[in-house]
Amino acid sequence: RLMGRGASDMKSGIAAMVVTALHLAQEPEGARGVVFVFTAGEETGSEGAMHMKESGVLPREAGAIVVAEPSGNIPLLGHKGALWLECTAKGKSAHGSMPDLGDNAIYKAARAAASLEDFFSSAEVHPKLGKPTVNVGTFMGGSKINMVPDSARFRVDLRSVPGVEHAALFEEVKAHLGPDIEIERLLDLPGISTPQSDPWIIRVLDIMARIEGSRPDPGYVNYFTDASVLTPALNNPPTLILGPGEPSQAHQTHEYCVVEKIGRSVEFYLEIARNGFAS
């Protein structure tokens, strides 16, 4: 095992991609090129990928995308989208000994935050990604214990599934929380999904079956990746998440990656680059 913070998420994926690029650089040029895109800031909302998109350094389109995020070398065909919101309640300040003269913003915000716990209880279940989810991740309010707080805010992490439009979801949350809560978008990243019947996906699964000896069963994940930005920026090509890192190890104190899987990822990437497209 390769131990250390970031070993799985996703330094091992970067290492495998770099080694793949070095190998391909030694080969004669073919009819098709391979572009390697390395970004920063994926954890905080795909900021690097977004900057690359907006600055015009990306190609106009791509035939397909392979994302090296941790999958344990299991091919993943899609992931949820992320809609992060900051929700703010306003009130009126007063001395803590006379709360009746004020308007406590924390009470408003707390009631609103608690009301979201079962927000998706009646949502439809996606056959691969399950239900959308909601998590209130932070809560802030007040300045002193003996003052009625005139402001409080909390931040919400909503994870959507294909078929859930973020614009409509935003309006639904806004209506649910009511007029006392102001809402601001912090992050708006769509989910991605490529059908298993896509010809390129079938070709990649065939390649993996030849290398592994058995055909892999593709999956789906709840985390988001830079594909939320790169896939639409590159004209929505088929997209696959395939990396050597262990998804369960991301952000763990004793994070590790299985070394053998890094080399196996290089094998996959090389064969996908060489033979992943029909001639």
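The model is predicted, so local features need pLDDT of at least 70, side-chain atom pairs count only at pLDDT 80 or more, and totals for chains, interfaces and linings use all residues. Residues are numbered from 1 along each chain as its sequence is written, and side-chain values use heavy atoms, with hydrogens and water left out.

**Stop 1: the four-stranded sheet.** Strands and helices here are DSSP runs numbered from the N terminus (helices: H or I, at least four residues; strands: E, at least two). Select S6, S8, S4 and S9: in that order they form an open sheet with antiparallel pairing. Two strands pair if DSSP finds at least two bridges between them. At the edges sit S6 (133-141) and S9 (181-189), each pairing on one side only.

**Stop 2: S4 beside S9.** Now pick S4 (residues 81-90), which is joined to S9 by eight bridges in the antiparallel sense. Click on Ala82 and look for its bridge partner in S9, Leu189.

**Stop 3: the helices.** Show H3 (residues 105-115), which lies across S4, S6, S8 (151-160) and S9, at about 15 degrees to S8. Angles run from 0 to 180 degrees between N-to-C directions, with axes as lines fitted to C-alpha atoms, for helices over the stretch in contact.

**Stop 4: strand S3.** Which way do S3 (residues 76-79) and S11 (residues 219-221) run, parallel or antiparallel? They run parallel, joined by two bridges, and Leu76 stands opposite Gly219. With S10 (residues 192-193), S3 runs antiparallel; here His79 stands opposite Ile192.

Key:
Contact = heavy atoms within 4.5 Å.
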